[in-house]
Amino acid sequence: MDALTERARDFLPVGVPVFHILLALGADTLHGYGILESIEAKTGGEASILPGTLYATMNRMQDDGLIEEADRPEGADARRKYYRRTALGGAVVAAEARRLQLLVEVARRDLPEGAGGPATGDPTAR
């Protein structure tokens, strides 16, 4: 395991707002409102973050080195601050996604049929 991946594991589990912000940024450079829009778009409206939560969380994420201020795209509104995910932020979101995937696999295996568990005859059923 490389040092970045090991360091990322120190942040696990991440809170829901942190996870959504890191996912929203992806490879993009976005301002706060753009992050809110990205979260709603990527989740089909299933998730949203209130602006107060967004900015307080982003301040902590900057302090932790997960995101950083980015150069404003050409022609963008000069009053807006833009952000991007750092390498550490990318490692954290990847590690959290792996952690959540394992939990979902356990839940699917252990839940009864009809509640998201394996169907009868499912080759992955126990």
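Me: Before the core, what counts as a nonpolar core here?
Reply: A nonpolar core is a set of buried Ala, Val, Leu, Ile, Met, Phe, Trp, Tyr and Cys residues joined through side-chain atoms within 4.5 Å. Note that this is a predicted model.

Me: OK, how many residues are in the largest one, and which have the most contacts inside it?
Reply: The largest nonpolar core has 24 residues, and Ile21, Leu22 and Ile35 have the most contacts inside it.

Me: Which elements give two or more residues to this core?
Reply: Helix 2, helix 3, helix 4 and helix 5 do. Helix 2 gives the most, with six residues.

Me: What does Leu22 touch, leaving aside neighbours within four places in sequence?
Reply: Leucine 22 is in contact with Met61, Leu66, Ile67, Arg85, Gly89, Val92 and Val93.

Me: Is helix 2 mostly covered or mostly uncovered?
Reply: Mostly covered: seven of the 10 residues in helix 2 (residues 16-25) are buried. These are Val18, Phe19, His20, Ile21, Leu22, Ala24 and Leu25.

Me: What covers them?
Reply: The cover includes strand 1 (30-31), helix 3, helix 4, strand 2 (67-70), strand 3 (82-85) and helix 5 (87-110).

Me: And just after helix 2, what is glycine 26 doing?
Reply: Glycine 26 takes a positive phi of about 45° there.

Me: Switching topic. How do helix 3 and helix 4 cross?
Reply: The axes of helix 3 (residues 32-42) and helix 4 (residues 51-64) come within 11 Å and cross at roughly 110°, so the two helices are roughly perpendicular to each other. The crossing is right-handed.

Me: Which residues meet there?
Reply: From helix 3, Gly32, Tyr33, Ile35 and Leu36; from helix 4, Pro51, Leu54, Tyr55 and Met58. The contact divides into seven nonpolar residues, one polar and no charged.

Methods
Residues numbered from 1 in each chain as written. Predicted model: local features only at pLDDT ≥ 70, side-chain atom pairs only at ≥ 80, totals over all residues. Heavy atoms only, no water. Axes fitted to C-alpha atoms, helices over the stretch in contact; angles between N-to-C directions. Helix = DSSP H or I, 4+ residues; strand = E, 2+ residues; numbered from the N terminus. Parallel < 35°, antiparallel > 145°, perpendicular 65-115°, else oblique. Left-handed = near helix turned anticlockwise from the far one by under 90°. Contact = heavy atoms within 4.5 Å. Nonpolar A, V, L, I, M, F, W, Y, C, P; charged D, E, K, R; others polar. Buried < 20%, exposed > 50% of the residue type's maximum accessible area, 1.4 Å probe, protein only.
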